[in-house]
Amino acid sequence: MATEVVSRGLSACPFCASERVVVVPAENLWCACCEGCGAQGPRKPDAGSASEAWGGPASYRKLMREILDSSAAFVAVKDMDGRFLLANEAIARLMGTTPGRMVGACDADFVSDPQLLRFYQASTEGVWEAGGETLREEVSLTMPDGDVRHYMALKKPMLFGPKKIPSVLIIANDVTDLKRANNEIAARERRYLEAMAASGEGIWEMDLRNNLISHNSHLPEIFGFEPEYFEVSDSFILDRIHPEDRERVEQSMGQFIAHGGDYESQHRILREDGKVIWVRSRGSVAEFDEDGVPVRLIGSIRDITQRKRAEASLEEARQKLEQTNNQLENLVEERTSELVQLNLELQSLARRDALTGLANRLAADEQLLQEYARFGRQLQPYTVMLVDVDHFKQVNDTFGHAIGDRALIHIAQLLQSSLRETDVVARYGGEEFLLLVHTGEQEALQLAEGIRRQVEVTPVSANLTITISIGVSQVQEGDSDATDALRRADKLLYQAKEEGRNCVRA
Ligand SMILES: Nc1nc2c(ncn2[C@@H]2O[C@H](COP(=O)(O)OP(=O)(O)OP(=O)(O)O)[C@@H](O)[C@H]2O)c(=O)[nH]1
């Protein structure tokens, strides 16, 4: 490769101060070359300050180029006349050229669109005037194809190269995709917040690493605060829990913070204005650290006092209804047992003779059926006696009906006192009585005779003595039903009457 020696001493290498500088006949800018350290510099005579822009030693330069060219960001350095001192692959691609061709050239050499050109030219202006500060700018550009692209540009005043040429470093990133994604996230967040605001829920978020809490405007409202006077601390939500609910809520919250998952509880809180309200509190872990420990929680609180009140009055109404039902049931039970009692009394009354207090004919017939059934099972003998007052019509006619009644009561008492508790004494007709004794006929006959005698010798009153006739018949194995013995006793009674009365027939 032919080289040309540049005048020694005038253009010493700015890196190693060697005067052994040669010119490489290459097309790019880097054609001055130091034989001592390998640093390269410009040759183009009209390159302005770019002529002074030397690169470092070859290895260093190569590394820097690689870094620059592999960056997706647009990187360039411009001098104060707007000439490029340095450009990377990304910006060269944007301009439709190569990094080498850009050095020493201006924007106008590559860009014809007046809007873009104005923007590029303005990119360096004002940077030095800003007092050496690094400027950050977000710029939106409409591309020739109509697409709007967004760039985040950093502009830093600097002194470029060994010759310290006043210049501006420009690093710009195409943030169009990022910005679109951010816009989408912001829109979603806005929609989410709008939905949350509409729902009336208080939303909070807590970073457990620094105990920082953020919240929406509903949270202070729920706790009874004006938003501007609301300062929420890490223990605020716990501190406001009603004392009676605190232990329960703290337990489930502790579990939630320790193990994650979802949390929900319904409890009362004490508002700033002293009111007690019911809330439904929910939470979930929004972020875990690399060890799986929760580091960020989000949650919501909703005022459910109205619902709780409605539930409470519903419960109260249910309890009242239950109470009324119980009372009704008790009343029905009471009335039922009263009715059962009345029924029993009625049954008893229905089976009792009102005048003498003895069992009546209905009761006597039932007893007869029962005794006959038992006789069928156990062959336990019994005897039926039919007792009839003699000439009772005369008693009535002579002494009057009331005395007749007294006479009937008198006989009833005599009959009852003559028999055992287990025997049956009933008034079977007007002046007729039925006796059922648990003995055989002989014994019954003696008993009947005793009764007849007793009546005969026991006057009803000083001037009234009455007699009775009795028919006696024992139940027999051949009887077809309970009335057989009764019929026989009746016949025997008739016989006793026929044979003169005041006698017993068996
Ligand atoms: N005082 C009273 N009399 C009654 C009652 N029930 C029936 N009598 C009367 O009893 C009488 C029965 O008369 P009868 O059937 O002719 O029989 P008797 O006069 O007793 O004559 P014998 O039975 O043949 O001895 C009637 O006069 C009835 O009015 C009652 O509850 N009270």
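Predicted model: local features only at pLDDT ≥ 70, side-chain atom pairs only at ≥ 80, totals over all residues.

Reader: How do you know how far to trust the chain?

Author: Confidence runs from 0 to 100, and the chain averages a pLDDT of 86, with 89% of its residues at 70 or more. Residues 5–10 are another story: their pLDDT is below 50, and in the model that stretch has 8 contacts beyond near neighbours in sequence. As for overall scores, ipTM is 0.98 and pTM is 0.46.

Reader: What makes Gln 495 partly exposed?

Author: Count its C-beta neighbours inside 10 Å: there are 14. Buried needs 20 or more and exposed means 12 or fewer, so with 14 Gln 495 counts as partly exposed. This residue sits in helix H14.

Reader: How do you know what Gln 495 touches?

Author: Contact means C-beta atoms within 7 Å. Leaving out residues up to four places away in sequence, Gln 495 touches Gly 471 and Arg 505. Gly 471 is 24 residues away in sequence, and the C-alpha to C-alpha distance is 7.9 Å. That 7.9 Å is a C-alpha figure, whereas the 7 Å cut-off applies to C-beta atoms.

Reader: Why is H9 said to lie largely in the open?

Author: None of its 46 residues is buried: the number is 0, so H9 lies largely in the open.

Reader: What makes the span of H9 close to the expected one?

Author: H9 covers residues 305–350 and reaches 65 Å from first C-alpha to last, against 68 Å expected at 1.5 Å a residue.

Reader: What is the largest nonpolar core made of?

Author: It has 44 residues, and Met 385, Leu 435 and Ile 470 have the most contacts inside it. Elements supplying at least two residues each include strand S15 (383–389), strand S17 (432–437) and helix H14 (483–498). The largest share, 6 residues, comes from H14. Leu 435 touches, among others, Met 385, Val 387 and Leu 415.

Reader: Which residues come nearest to the ligand?

Author: Of the 16 around it, Phe 392, Lys 393, His 401, Gly 404 and Gly 430 come nearest. H12 gives the most to that shell, with 4 residues.

Technical notes:
Residues numbered from 1 in each chain as written. Core = buried A, V, L, I, M, F, W, Y, C linked by C-beta atoms within 7 Å. Contact = placed C-beta atoms within 7 Å. Near = placed C-beta within 6 Å. Expected span 1.5 Å × (residues − 1). pLDDT = per-residue confidence, 0-100.
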